[in-house]
Amino acid sequence: MIIKIILLISYILENVFDFVLVKLNDSYVKKPLPESVKDVYDEEKYNKWINYRNDTKKFSAIQTLVSAGVTLGLLIFNVHSLVFNFFTINRYVSYLIFILIFSLLGTIISIPFDYYQNFVIEEKYGFNKSSVKTFIIDIIKSFVIDFVLSIILLLGIMFLYEKLGNYGILLACVAVILFNLFMAIFSMTFLRIFNKFTPLEEGELRDELTKLCDKYNVKIKQIYVMDASKRTTRANAFCTGFSKKTISLDDNLVNNYSTDKIVAVFAHEFGHAKHKHNAKTVWFAFFRIIILILALGVILNFPQICEAFGFREVNYYFAFTILSMISWPLSRLFDLISNKISRTFEYQADAFAAKEGYGEPLVGALKQLSKDSLSNLNPHPFVVALEHSHPTLAQRIDAIRAKKPADSEAGAS
Ligand SMILES: [Zn+2]
């Protein structure tokens, strides 16, 4: 009983902590904006941002309450073990049915919230472009992918632990890392399940990007335009691949941003490539995976934890639920470290672009991106430290402008 109470309190504290973060950001809304971002919103846009923020905040508070209520209900009344013990046909079949039921339950609960988020809030502020058909197809595709990946992960860990005991857990660390590498290598394949990629047509933008790649010796596989406008008006771009890069630009970016701004965004991306940020980030991600799998190993070694929720033995799927309930302070600590690393890398990539003479167009692009997505220009420093992978807009602009094109690089490794 005491184990159950401790886990439930841990879960409640996690939700309270999230609520505190929202309140901290609230306390910064009324503060005057930093000088460098005062011109991003005009009065009309600023009011629109305030309204958007209030609507999103209310919505996510309700969503958190419902999801926490359902989760607590399931845990208090041992629903997981009741369902699992009901299907004792064959162990593997039981697991399949069990995962299917709880994955479906999670998806079904989230559908009305996702629908409201897309077709009411995002629609009201002009972000939503998705049709109901695309929305439904996305849900089905995501569900199938998540379900298949969960089964592979779970049965893999189960097999290794049952055959090799704690050595199996060490092997599971290696297996999960390889699995993550596989996902990274085939990330474009997964993205193609949801989006259409067409090669960027000949013209000024393609010429400028190719020139930039030649200048920094970045080998390009292809430059694509992604049909993001099928779902949203927000814009994004990314660069993926190891020796040869695949560049992808959202059509929203290509259609609404000037060439010099897009080129500046890529000068920033090549700054990441030059400093080998991807490879450096991967090591910390691996470390994080290893610690979490080892923590899972500890849970598997104490069947009393699963038994506290009505199971007759260790349940591998439920062990993951327990892991997420107790590991949140550790995850937050990892976030704190990984976001600090990420923000340092963002400054370095910005500095690279600024040094190469793309500073002002980059500032222009960042301002337009923030304005178009109604970003919070003045988040609380603690929330930034904990949750933001990028420095705030004001911090980035100040750092870029402090960096004159002829300056030598600072802080690069
Ligand atoms: Zn970046």
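## How α10 meets α14

In this predicted model, helix α10 passes helix α14 in a left-handed crossing, a label used when the near helix is turned anticlockwise from the far one by less than a right angle, with clockwise giving right-handed. Helices here are DSSP runs of H or I with at least four residues, strands are runs of E with at least two, and both are numbered from the N terminus. The two helices cover residues 259–274 (α10) and 328–372 (α14), and their axes come within 7 Å and cross at roughly 160 degrees. That angle makes α10 roughly antiparallel to α14. The axes are lines fitted to C-alpha atoms, for helices over the stretch in contact, with angles from 0 to 180 degrees between N-to-C directions. Angles over 145 degrees count as roughly antiparallel, those under 35 as roughly parallel, 65 to 115 as roughly perpendicular, and the rest as oblique.

Who takes part? By class, the contact of α10 with α14 has 12 nonpolar, six polar and five charged residues. Nonpolar means Ala, Val, Leu, Ile, Met, Phe, Trp, Tyr, Cys and Pro; charged means Asp, Glu, Lys and Arg; the others, Gly among them, are polar.

## The bend in α14

A straight helix of 45 residues would span 66 Å at 1.5 Å a residue, yet α14 spans only 33 Å between its end C-alpha atoms. The expected span is 1.5 Å times one less than the number of residues. There is a kink of about 120 degrees at G357, shortly before the proline P361; the bend is the angle between axes fitted to the seven residues ending there and the seven starting there. After α14 comes L374, with a positive phi near 50 degrees.

## The four-stranded sheet

Four strands form an open sheet in the order β1-β2-β4-β3, with mixed pairing. Its edge strands, β1 (197–199) and β3 (237–240), each pair on one side only. From one strand to the next, the twist averages 30 degrees. Strands pair if DSSP finds at least two bridges between them.

Strands β2 (residues 220–226) and β4 (residues 245–250) pair in the parallel sense over six bridges. In β4, T246 is the bridge partner of Q222, and S248 that of Y224. β3 and β4 run antiparallel, joined by four bridges, and C239 stands opposite I247 in β4. Their hairpin has four residues between the strands, and G241 takes a positive phi near 110 degrees.

## Reading notes

Residues are numbered from 1 along each chain as its sequence is written. Because the model is predicted, local features need pLDDT of at least 70 and side-chain atom pairs count only at pLDDT 80 or more, while totals for chains, interfaces and linings use all residues.
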